[in-house]
Amino acid sequence: MKSAHDSILKGEGPILKIEGLTVDFLSNDEPVRAVDDVSFHVNRGETLVILGESGSGKSVSTSTVMDLVDCPPGDIVGGSCLFDGTELSRLDAEGRRNINGRRIAMIFQDPLAYLNPVYTVGRQIAEVFESHDAARGKQARANAIELLRRVGIPEPESRVDFYPHQFSGGQRQRVMIAMAIALKPDILIADEPTTALDVSVQAQILDLLRDLQRETGMALVMITHDLEVAASMADRIIVMNGGKVVESGLAQEVFSNPQHPYTRRLIGALPHGEAAETSHRRSTEIAGATLLKVEHLTKEYVLASGAFAGKRTFRAVDDVSFEVRKGETLGVVGESGSGKSSIARILLRLNDPSSGQAIYAGENIFEMCGKRLVAFRRKVQMVFQDPYGSMNPRMNVRSIISEPWAIHRDLLPRSNWKDRVAELLDLVGLRPEHAERYPHQFSGGQRQRIAIARALASEPELIVCDEAVSALDVSIQAQVIDLLADLRTRLGLSYIFITHDLPIVRHFADRILVMKQGKIVEEGPTSALFSAPQHEYTQSLLKAVPKPKWLMSTEAPRAVPGAPRPERTRNGSMAG
Amino acid sequence: MTIISPNANPAAAPGASRVLLGYLRRDRLALAAAVFLALFVLAAILGPWLVGDAASRLGLRQRNLAPFSLEHSWIYFLGADTLGRPLLGRLIVGAQSTLGIAAAAVFSSMLIGGTLGLIAGYSERWHSHLILRLADVVMSFPSLLLALIVLYTLGPSITNLVIVLAVTRMPIYLRTARAEVLELRERMFVSAARSMGAGPARILLRHIAPLVLPTLVTIAAIDFATVILSESALSFLGLGIQPPEFTWGAMVANGRGYLSTAWWIAFWPGLAIMLTTLSLNILSNWARTVADPQQRWRLQTLRKAAR
Amino acid sequence: MFSYIGRRASHSILSVIGLLTLVFFLTRLTGDPSALYLPLDATAEARAAFAKLNGLDQPIPWQFAEYLKDLLHLDFGQSLRQNRSAMEVALQAFPETLKLAFVAITLSTALAILVGSLAAARPGSLFDRIASVTSLAGASAPDFWVAIVGILVFAVGLELLPTSGTGTWAHWIMPIFVLMLRPFGLLVQVVRSTMLSALASPYIKTARAKGLRRQKIIFGHALRNSLLPVVTVAGDLATSLVNGAVVVESIFGWPGIGKLMIDSIIQRDFAVVQSTILVTATAIFILNIAIDLLYAVLDPRIRY
């Protein structure tokens, strides 16, 4: 290969060298600096992880390398990108084309949006060969099938003619990878490649990337906000915050001995295995009486009933029974499609169950109507995954928090609303003057605090948290969980805490239910479940949590090249 | 307290309108359209009061007077019609009925269509389906043809004209409102309100309607041009407004017979229609750019950093 | 697929019946139909005789039942003006309009896709600005006015084109041009804006990262995705082309369905009005089904 030949001629310098890169985004006001004097380099064959939270400029800097930033409104103020001796910013369109896709390739976070919906995946892969004159027609198609086989798509001969929407999320990312490695690039840039995926699928994709890197010797630049993913992939790591590189170095050193305060805070927020056992976030005593008792809850959805197929049903929740005691936090863990969110919506009476009952304070929730239902809705509140989405953007914080009192008129006289809003804001760690602002003026963590304040307004006994911290950055997650734990102790609340993220519940939950495809597969106290998981699925979930690379290096390779594990196809049309 | 802190919140409300003005100034075509429309609205409001008498005065000496002559008063600058009435004056007076009918039709179709759309989107009872089917019937048939038939049976009058125009445009608001409601009612804040115990009326009026309204107003602005064109076509075909009332469309129809002898009678009112609808379309195009976060930068100053 | 077409067709038939019912009751409820059929100076005896002859002395629901029964027997009534089957009159005029409409919508769609995508490829350029203003002007122009100004300039003034009628190719030019104006103007706007958002979409980033040629990105990826909304709008415009046909045909004396409609309305030939509605509505419903099917061809995510 040409690149291998070049590298011998030029010695072992870095293949990509970014120096003083600064990128602005222009608008009416002062330009917004997205990337500020960023320098880093990538060596051949290594994995560099760029770690940062949302808005840290990590994606913009790599997009600049690929010339994907539109100028204007983007504005490259300065800096140089030297790739294998070529200054990228001086290339013309044709020179650029010879780099993109051929020498540097890129995969993205959301493959469904990043694949063209109207072309088959085979055509989109073959296009790479054809546009770089590497192969065409039948040969390009054969190559595409071979690539699909390599990235672990089952039956590639037929799947090559499928459209992107006919694949599962993990398979779509495999297709993206196949497209990226088609011409054996020197560098693969992966921008949050596993963020939208379940943990077990994430582990498979990460394995695939590691295998491919070993096979082809390409350098991997991985962008992520996830510390565990970063640790499991990185040889070297750079940490970005506010457009600047705040720390860089060998992965193990940065993780075990972070220098910059920001890095320390990030790593401090990460739940570290055994430390969670002594966490103050669990409740100390669970002596309370039973608050909620759910029995044989089932929810069926009718799938498309074609003329020939007859009615097919899908059980989103399948004969689920559990109870919640006063002052307890019940964690409900499962991957997407496990039915965990359906349970939340059914318990809140947002959807109706197919069968089963739920006894709350001696009364079946599903038979309540009229006044009794309204009274029940005072006592049970919900905190949603996306705090911004769960608030009316046209209402200010005061109207948002006072809405329960507007609905339940007897709760609080209107004259007291203002003071009570101030009290509640204070309780969740915000300032009273925030009451007049609108949801878009707050950060994600602050918004979730407002949502919690609203939930507390009607003085509930039970709060259902549906992925309440999943959309937040790691350091913010910890703060919100601390707040929830503190409120539980002070106000005697109970929680049902629904999440896909195992490490978080380990901190916070007293008891855990593990769900898979609508069924409860395992149930038990948190410490027992983590130390000795009984069910195979729980074990695989625990194993899927990425482990640091430097701990794995002595282990055998996790996958045999050429024999990838097929991934379970998830039917996209299923609700759950 | 109010005396001490006049500048307590300098960046709030006035800031938004100043930004919009800035965007308008950066698109000269849109600025011209806005100025032009403002003039027309002014003429529609004040015109009949200022030149009403002059516009309806018959003048034997000015019959078929050619335009661009300053022999008579300024009001005859665009010429006169077969009865010697000044065209400029009649254009100004006609502006009121033209814009008035369009405004009434657009407003009532937005109101009724929006309300029906809210109901059809939120409820799944039989009446929602009936509303939708009716909208389909109206929508899938050419509006002008439908208007012709209805005006033919009801008899042409201003009220009927407004009703017909409103009914033919209504499905657009209905469908848009319904589509928005279908999306909004699945949004988390609606679920949140329901889980707090809010009833359908509160959810529809407090949570959904305020978010649907801006979309409907945007459509109404674009629709205004379409309605002006439909009304003119109906009046041109003789089934719209009836004498002695007149709109620009009726003025074109009047002048059609004198095309070879006095072209200006039909030309000016048609030009007035064209300029109005063109301005409306240019402005709505501009508004679409402002509203699109991916395109908005085209109207911004884009001040670069010093380097 | 076939069950979908069946469902759509039955919906469409329901809609046509709904439309006919609407028109039927509107005409019956808003006044004495004999006033619509007979000349204004007809005597009371003549009116009574007319009413009896046409069954108008019966209660309205009964009349409606009779009307539906006649429809089932494909009897659409007699044209009072031409003294032959009303449906025959309507079907004779229909192909004339179809020819005009087909040429106009095909030409304007093709032109609009070309102009719109070239404008979106270089937003803000001189070409883009000219295309923008031209298309907006086309969408804003009152067609009846453009038609008579056209006659004034090209027929009366320059004597290049005939004022009205059919026959030579020269008779086609002005009607086609006037009919094309609005669809062209609106479609350029639609193509340009959907192309702009398509060019800003994630899969275009992928195409750029793959190192595809610029033409391939614009025409192969962005335009291909933009075709979906363009087809929808073009279908709606084809429907509303009948609006334009009414105006254009009556000005240029084109013997199509639009001119027939206006003439029948003015001359109170009600059976012909009903038949024209039926023919037009049926054509439009067939068109809508065809567009739905085309949509499924263009977008693999849509399956019926």
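How many residues does helix α6 of chain A have, and what length does the helix reach from its first C-alpha to its last? In this predicted model, α6 of chain A runs over residues 137-150 and has 14 residues. The helix reaches 20 Å from its first C-alpha to its last. That is close to the 20 Å expected at 1.5 Å a residue.

Five positions were then examined for burial. A:N143, A:A144, A:L147, A:L148 and A:R150 are buried in α6(A). They lie on the same side of α6(A), because they cover an arc of only 155° around the axis. An α-helix has 3.6 residues a turn, so residues three or four places apart point the same way. After the helix comes A:G152. The phi of A:G152 is positive, near 90°.

Chain B holds 10 helices and zero strands. Along the sequence, the pattern reads α-α-α-α-α-α-α-α-α-α. The C-alpha trace of chain B spans about 75 × 65 × 45 Å along its principal axes. Chain B has 307 residues, and 47% of them count as buried. Contacts in chain B were also sorted by sequence separation. Among those between residues at least 6 apart in sequence, 68% join residues at least 24 apart.

Key:
Residues numbered from 1 in each chain as written. Chains lettered and ligands numbered in written order. Predicted model: local features only at pLDDT ≥ 70, side-chain atom pairs only at ≥ 80, totals over all residues. Helix = DSSP H or I, 4+ residues; strand = E, 2+ residues; numbered from the N terminus. Expected span 1.5 Å × (residues − 1). Buried ≥ 20, exposed ≤ 12 C-beta atoms within 10 Å, placed from the backbone. Arc of directions from axis to C-beta. Contact = placed C-beta atoms within 7 Å.
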